[in-house]
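Biologist: I have a model open here and would like to go through it with you. Can you take my questions as they come?

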Amino acid sequence: MRPLFLRLFLLAVLAAVLGTQTGCDTVKPWQRKTLADYTMRGDRDPLTDGMLDHIFFSREMASGGKGVGGGGCGCN
Amino acid sequence: MNTSLLKKLTLAALVAGTFISAQAAWKTGDALPDLAGFKLEGPLPAALQGKVVVLDFWASWCGPCKESFPAMNELQKKYGPQGLVILGINEDEDAADMQDFLKQNAAAFAVVRDAKQKLVATAGIQTMPSSFVFDAAGTVRFTHTGFHGAETRKQYETEIESLLKK
């Protein structure tokens, strides 16, 4: 018989492993409806883009070089 | 519960976890499963046996899928009389999304909805759209991920023609 703390430790590991397997899942490619929505695009509003650019430029002397094209569809 | 049993259980859980997260996707050489077993919404084309079949997984929210529709329509019209069946498998969770899409983008090929998303999970695709080209014997011969305009369309034509000749 092993010491109690080892058994408790193993039990905790088992619980943690089982816990992560029920709680985590990846978004499947066919479940990306919400991510593919227009509102998920970082560059959907040119006015906001311009304002943010202006703020970054005033505050950090930096502009451009931010964001990527496309939404979260992950298509193609 | 003794410690060795606990250890074994922990190991089993770790191993199981690794395999559960790994997906088996359809690949070249696999057989067309019996589609009747997937509770697809909408009528399946009457006879798939002996036909060259393209299964195309798409959804209304997917831009490249929309782009692929005119090409798919033309392929169906061009090669349908020679024995091509294109079957669009819709993956929208809401049937209304699919219907709205089809009102704007009419499909000249058969479309069914994989309401339970069981077929797509079996196919294990990584990208929308994805499609599988089956030969007349019902074996996967070509696979496509994404739709890249004229380039993909040309690939389809070459593949379909090569399979129809046999």
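Biologist: How many residues does helix α1 of chain A have, and how far does it reach from its first C-alpha to its last?
Modeller: Helix α1 of chain A, residues 4-23, has 20 residues and reaches 28 Å, close to the 28 Å expected at 1.5 Å a residue. The expected span is 1.5 Å times one less than the number of residues. Helices (H or I, at least four residues) and strands (E, at least two) are DSSP runs, numbered from the N terminus.

Biologist: Before we go on, what are the ground rules?
Modeller: This is a predicted model, in which local features need pLDDT of at least 70 and side-chain atom pairs count only at pLDDT 80 or more, while totals for chains, interfaces and linings use all residues. Residues are numbered from 1 along each chain as its sequence is written, and chains are lettered from A and ligands numbered from 1 in the order in which they are written.

Biologist: How many residues are in contact between the chains?
Modeller: 17 residues of chain A are in contact with 26 residues of chain B, contact being C-beta atoms, placed from the backbone, within 7 Å. On the chain B side, α1 (3-21) and α2 (63-79) each supply at least two residues. α1(B) gives the most, with 9 residues.

Biologist: And by class, what is on that side of chain B?
Modeller: It has 14 nonpolar, 9 polar and 3 charged residues. Ala, Val, Leu, Ile, Met, Phe, Trp, Tyr, Cys and Pro count as nonpolar, Asp, Glu, Lys and Arg as charged, and the others, Gly among them, as polar.

Biologist: Now the fold. In what order do the elements of chain B run?
Modeller: From the N terminus on, α-β-α-β-α-β-α-β-β-α, with 5 helices and 5 strands. Buried residues make up 30% of the 166 residues in chain B.

Biologist: How does β2(B) pair with β1(B)?
Modeller: β1(B) and β2(B) pair in the parallel sense over 7 bridges; pairing needs at least two DSSP bridges. B:F57 has B:I89 as its bridge partner. The chain crosses from β1(B) through α2(B) to β2(B) in a right-handed β-α-β crossover, clockwise from the first strand over the helix to the second with the strands pointing away from the viewer.

Biologist: And β3(B), which residue there stands opposite B:L87?
Modeller: B:A110. β2(B) and β3(B) (residues 110-113) pair in the parallel sense over 4 bridges, and with helix α3(B) (residues 95-104) they make a right-handed β-α-β unit.

Biologist: Is β2(B) mostly covered or open?
Modeller: Mostly covered, with 7 of its 7 residues buried. B:L84, B:I86, B:G88 and B:N90 are on one side, and B:V85, B:L87 and B:I89 are on the other.

Biologist: Which residues touch the most other members of the largest nonpolar core?
Modeller: B:F57 and B:C62, in a core of 35 residues. Such a core is a set of buried Ala, Val, Leu, Ile, Met, Phe, Trp, Tyr and Cys residues joined through C-beta atoms within 7 Å. The largest share, 6 residues, comes from β1(B).

Biologist: Last one: why does B:F147 count as buried?
Modeller: B:F147 counts as buried because 28 C-beta neighbours lie inside 10 Å. B:F147 is found in the loop between β5 (140-145) and α5 of chain B.

Note on methods:
Contact = placed C-beta atoms within 7 Å. Buried ≥ 20, exposed ≤ 12 C-beta atoms within 10 Å, placed from the backbone.
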